[in-house]
Amino acid sequence: MFFGGGGAAGGTVVGGAGGGMYVGGAGAAAGGMAAAGGADGGCAGSCGGAEALCFQAEGSVSRTQWRFVGVGRGGYEQMQNYNYVGEGCGSYVAEEVSVPYGWRVRPVCMALLAVIVVAAVAVFLMQPAETTTTTAVTTVSPIDCSSSVGLTEEKQSFCCRSRGLYCPTTQPPTPPPTPPPTAPPPPPPPPTPPTMPPTPPPTPPPMRPAALPFDCNAGFSNWAAGWSAPKKAWCCAHGGKGCAPPPTASLPFDCMAGFNNWKAGWSMPKKVWCCAHQSKGCEAAQKPAPAPSSSCLIWGDPHINTFDHSYANFYGEGIKWLVKTGEVHIQARYKATPFTNGLAATNAVAVGGAFLQGHVLKVGPMENGQITWDNEPILDKFGTFNAAGLGTITYNDKGELVDAAQSHLQRHIVHMALPSNVQVQIMRWSNHINLRITMPPLPGIDGHCGNFNQNPGDDTTEQIRDRIGLSVPQGESLFKTYQAAKKGQRKTVNECEAPKRAKAEEDCKKAFPGIAGMKLTDCTFDACFAGKQYLNEGY
């Protein structure tokens, strides 16, 4: 029995012993595969079977379908289910039907397709270019230009324009002469090689310093009297030490030069000037009576008893004027100490000016200060220093203290005997110094020690500060290290708490029996604000 297209191509034989059958697959006439009612087989048979050359089924699904073949011809009998009843005893036979699904291209066909595409491209590229044929179009001229006979000027012009005939002969313009060829520019010169710096000569080995003929530090504290003339000359030329100080430009005369023979060697103007300013070269009749001197006391934090016996207090830090005249400059550095609770004390003093011919003498406290002459240490122990022939500086433990209550302590006192009858005593303590400056009233004098005009009423703290300012300008400072001014605590004894003030006043009276007035006020102030250790500061 045949089903489907019935062709031989792709047929499948299904059957048993008694009921064999032929189920058609891809037949040319059927156009597909049909089994049990024509199940869809994808594209099978759509190309007359040729599709099988390049396409194959992805797979197939098999199922069982039942076909009636006649009573006694099949092996199954239809009941509620199909049951096998024996070959030849039933009415149905079981058939396996494969239904293909999906299609895939065979590799050989893909290779064949690639070869066909390549061949087509090659044939296209190898075709010869298309030849274009132009057919000339003959245009009948309205004028016969074959002969010039009878042609008017207009017709000749037409023939000239259209056929290039009978044109008037005109000499073409003479072309300009061909310019000579331009010579190529000369090649640029080769670059100049950079100039190499000359090779420096090898550094010679360091030479040992030659031995110095003199040691300019040895004996410098007494150079004026202890050095020989050759040593003074050599040290002055090579180290700036031991030089005889030249007269200051601001002084018209050097009163030390030729003093041993002043009567015969000095001119009258020099005698008059040196007698008036330094009490030298005076004739017995013309020697002026010395002006009365007075003392200025500086102690504590700091308190000042002026030349005119007034009292002033300055608590701020900085470089201050103690005495300032045209020739005498005495400056102090006020600085707070660990023991004054922020109040300043006198930390150092510097003496200079024209009367010392440009030299500077400085004295500081014991713990962190020195005695120096032109910034060179002198008098590291008790002794005397010759101040370039201008005066003497003596260091010992003798002298009257400004603060007498400290007499139980070891004394270190510097005594300065200087020109213009200026005497300065400096008491060196651990962290501060006290001073006594004794001198005559010189023209233009002012400073924290007052203006020395016999009027104590104009030497208050405020009046002195208004006259000379808060501090010494940096350009006029005698100190190597400048300290900017800093305003101190502007307190009065009335700001001390009443119980503390009463106790301080009682302690001052015990330390100084009979103390009263301004001295008692200053002592009470120090005890209240600086501390009890400043009770006995010589009031």
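Phenylalanine 124 lies in helix α2, which spans residues 107-125; helices here are DSSP runs of H or I with at least four residues, strands are runs of E with at least two, and both are numbered from the N terminus. Phenylalanine 124 is exposed, with a relative accessible area of 60%, where exposed means over 50%, buried means under 20%, and partly exposed covers what is in between, all with a 1.4 Å probe and protein chains only. Together with Leu113, Val117, Val121 and Leu125, Phe124 forms a nonpolar patch on the surface, with about 540 Å² of accessible area for the group. Such patches are made of residues with over 30% relative accessible area and no salt bridge, nonpolar side chains (Val, Leu, Ile, Met, Phe, Trp, Tyr) being joined within 5 Å and like charges within 9 Å; the areas come from the Shrake-Rupley method with a 1.4 Å probe, and for residues only the protein chains shown count as cover.

The model is a predicted one, in which local features need pLDDT of at least 70 and side-chain atom pairs count only at pLDDT 80 or more, while totals for chains, interfaces and linings use all residues. Residues are numbered from 1 along each chain as its sequence is written, and side-chain values use heavy atoms, with hydrogens and water left out.

The next element to follow is a sheet. It is open and made of 8 strands, in the order β10-β9-β8-β21-β20-β19-β18-β17, with antiparallel pairing; two strands pair if DSSP finds at least two bridges between them. Because β10 (311-313) and β17 (383-386) stand at the edges with a single partner strand each, one side of each is left without a neighbour in the sheet. From one strand to the next, the twist averages 15 degrees, an angle taken between N-to-C directions on a scale from 0 to 180 degrees, with axes that are lines fitted to C-alpha atoms, for helices over the stretch in contact.

At the β10 end, strand β9 (residues 303-305) runs antiparallel to β10 and is joined to β10 by 3 bridges, with isoleucine 304 standing opposite alanine 312. Further along the sheet, strand β20 (residues 422-428) is mostly covered, since 5 of its 7 residues are buried. On one side, β20 pairs with strand β19 (residues 413-418) in the antiparallel sense over 6 bridges, and isoleucine 413 stands opposite methionine 427 of β20. The two strands β19 and β20 form a hairpin with 3 residues between them, and in this turn serine 420 has a positive phi of about 60 degrees. Strand β20 is also joined by 6 bridges to the antiparallel strand β21 (residues 433-439), where arginine 428 stands opposite isoleucine 433, and a hairpin of 4 residues connects β20 to β21.

Aromatic side chains come next. The structure holds 6 aromatic pairs, counted when ring centres of Phe, Tyr and Trp (its six-membered ring) lie within 6.5 Å, with planes under 30 degrees apart called stacked, over 60 edge-to-face and the rest tilted. Phenylalanine 259 and tryptophan 266 form a tilted pair, 6.0 Å from centre to centre and with 45 degrees between the planes; phenylalanine 259 is partly exposed at 32% relative accessibility, whereas tryptophan 266 is buried at 8%. Tryptophan 266 also forms a tilted pair with tryptophan 262, at 6.3 Å and 55 degrees, and Phe259, Trp262 and Trp266 form one aromatic cluster.

Charged side chains complete the tour. There are 7 salt bridges, each a side-chain nitrogen of Lys or Arg within 4 Å of a carboxyl oxygen of Asp or Glu. In one of these, lysine 324 meets glutamate 476, with the closest N and O atoms 3.7 Å apart; this pair links distant parts of the chain, as lysine 324 lies in strand β11 (residues 318-324) and glutamate 476 in the loop between α8 (461-468) and α9 (498-511), 152 residues apart. In helix α9, aspartate 507 forms a salt bridge with lysine 503 at 3.0 Å between the closest N and O atoms, and being 4 residues apart they are separated by about one helical turn. Aspartate 507 is buried, with a relative accessible area of 12%, whereas lysine 503 is partly exposed at 44%. Asp446, Asp459 and Arg467 are linked in a network of salt bridges.
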